[in-house]
Amino acid sequence: MSTTTIILRDVADDHPLLARYRTLKDREIRAEGNRFIAEGRKLVERLIQSPYQIESILCGEQIADEIAGLAPEGVPLIIATRKQIDQVVGFQFHNGCLAVGIAPPLPDAKTLIDDGAAPLIALEQLNNTENLGAIMRIAAGFGAAGIILDARCADPFYRQAARVSMGAVFSLKLAVSSDLPADLRSLAERGYDVIAAVTHADAEPIQTSAAGDKRVIVLGSEAHGLSVETIAACSRRMTIPMHLGTDSLNVAIATAIFMYHFSLKSPLATK
């Protein structure tokens, strides 16, 4: 066993490592040195495989040997019964293990822009963590090079977002924009096809539209859609035609349709 192993029954109730798992409110733990919680065996395994620092791992006895074989050198592995884990986190927990990771603040969007990364997804005011997690998983699955989030988006390392992403949050390039319209104009100036996903009847219907690999799909929240300023900064407006009076789709579903549509015209479709 290469890791430093701590057995829960030998640890005081006020041990600082356990305190992290009792503070599962996202805002509180993120405020403590950019920490986050990875919840569930699959997510913990993908965190272990990522470049992110791990502060500790808390896992059930039944999978302790397997997790110990994967955990990086020197990471404390706290082994507990299911009942003990329930007592620590404050509810019935059935996902095997948790880990505390550390993610530094996201870089500015200019890092992705200067890298020439493509294709990209840009999100405005997307504060629903479940939708954000689903979009990250979709982005990874369809080969997005990165995601730009405006400053009003939810933190992609929040527990539900990370869990729904199935660990895609640990592999995607993520960046934050303090002025999304300005960054979109900068992308357009660099030759990107900047596409606003809208519900406007006069927008291009997606099924007859094409775009090169150097593209950005821009999506807004379901409550507000894209702002007028953001739409104006895009070079194109595109829509998914609806029937039976439906005005829009869930934003994650819309993202999947856009990403799949364009993947049919790229080398990804032949893999």
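**Reading helix packing and burial in a predicted model**

Me: In which handedness of crossing does α7 pass α11?

Reply: The crossing in which α7 passes α11 is right-handed, and please keep in mind throughout that this is a predicted model.

Me: At roughly how many degrees do the axes of helix α7 and helix α11 cross, and within what distance do they come?

Reply: The axis of helix α7 (residues 129-141) comes within 8 Å of the axis of helix α11 (residues 251-263), and the two cross at roughly 15 degrees. Angles under 35 degrees count as roughly parallel, and α7 and α11 are therefore roughly parallel to each other.

Me: Which residues in α7 meet which in α11?

Reply: From α7 the contact takes N131, A134, I135 and I138, which meet V251, A252, T255, A256 and M259 in α11. By class, the residues of this contact between α7 and α11 are seven nonpolar and two polar, with no charged residue.

Me: How many residues has the largest nonpolar core, and which have the most contacts inside it?

Reply: The general idea is that, in soluble globular proteins, nonpolar side chains tend to be buried together. In this structure the largest nonpolar core has 56 residues, and I57, L123, M136 and I147 are those with the most contacts inside it. Another core lies apart from it, made up of 22 residues that include L187, A203, I231 and C234. To return to I57, its contacts, with neighbours within four places in sequence left aside, are Y21, V44, I48, I67, A71, V75, P76, L77, I78, L98 and A99.

Me: Is A161 buried or exposed?

Reply: A residue counts as buried under 20% relative accessible area, so A161, whose relative accessible area is 0%, is buried. A161 has its place in helix α8 (residues 159-164), and, not counting residues up to four places away in sequence, A161 touches T129, G133, M136, D155 and P156. Between A161 and M136 there are 25 residues of separation in sequence and 8.5 Å in space, taken from C-alpha to C-alpha.

Me: Where does R215 lie, and is R215 buried or exposed?

Reply: R215 lies in strand β11 (residues 215-220), and the same cut-off of under 20% applies to R215, which is buried because its relative accessible area is 3%. With residues up to four places away in sequence not counted, R215 touches A118, P119, L120, Y192, D193, F262 and S263.

Me: By how many Å are the C-alpha atoms of R215 and E73 separated?

Reply: The C-alpha atoms of R215 and E73 are separated by 41 Å, and the two residues are 142 residues apart along the chain.

Methods
Residues are numbered from 1 along each chain as its sequence is written. This is a predicted model: local features need pLDDT of at least 70, side-chain atom pairs count only at pLDDT 80 or more; totals for chains, interfaces and linings use all residues. Side-chain values use heavy atoms; hydrogens and water are left out. A nonpolar core is a set of buried Ala, Val, Leu, Ile, Met, Phe, Trp, Tyr and Cys residues joined through side-chain atoms within 4.5 Å. Buried means under 20% relative accessible area, exposed over 50%, partly exposed in between (1.4 Å probe, protein chains only). Contact means heavy atoms within 4.5 Å. Helices (H or I, at least four residues) and strands (E, at least two) are DSSP runs, numbered from the N terminus. Axes are lines fitted to C-alpha atoms, for helices over the stretch in contact, and angles run from 0 to 180 degrees between N-to-C directions. Angles under 35 degrees count as roughly parallel, over 145 as roughly antiparallel, 65 to 115 as roughly perpendicular and the rest as oblique. A crossing is left-handed if the near helix is turned anticlockwise from the far one by less than a right angle, and right-handed if clockwise. Ala, Val, Leu, Ile, Met, Phe, Trp, Tyr, Cys and Pro count as nonpolar, Asp, Glu, Lys and Arg as charged, and the others, Gly among them, as polar.
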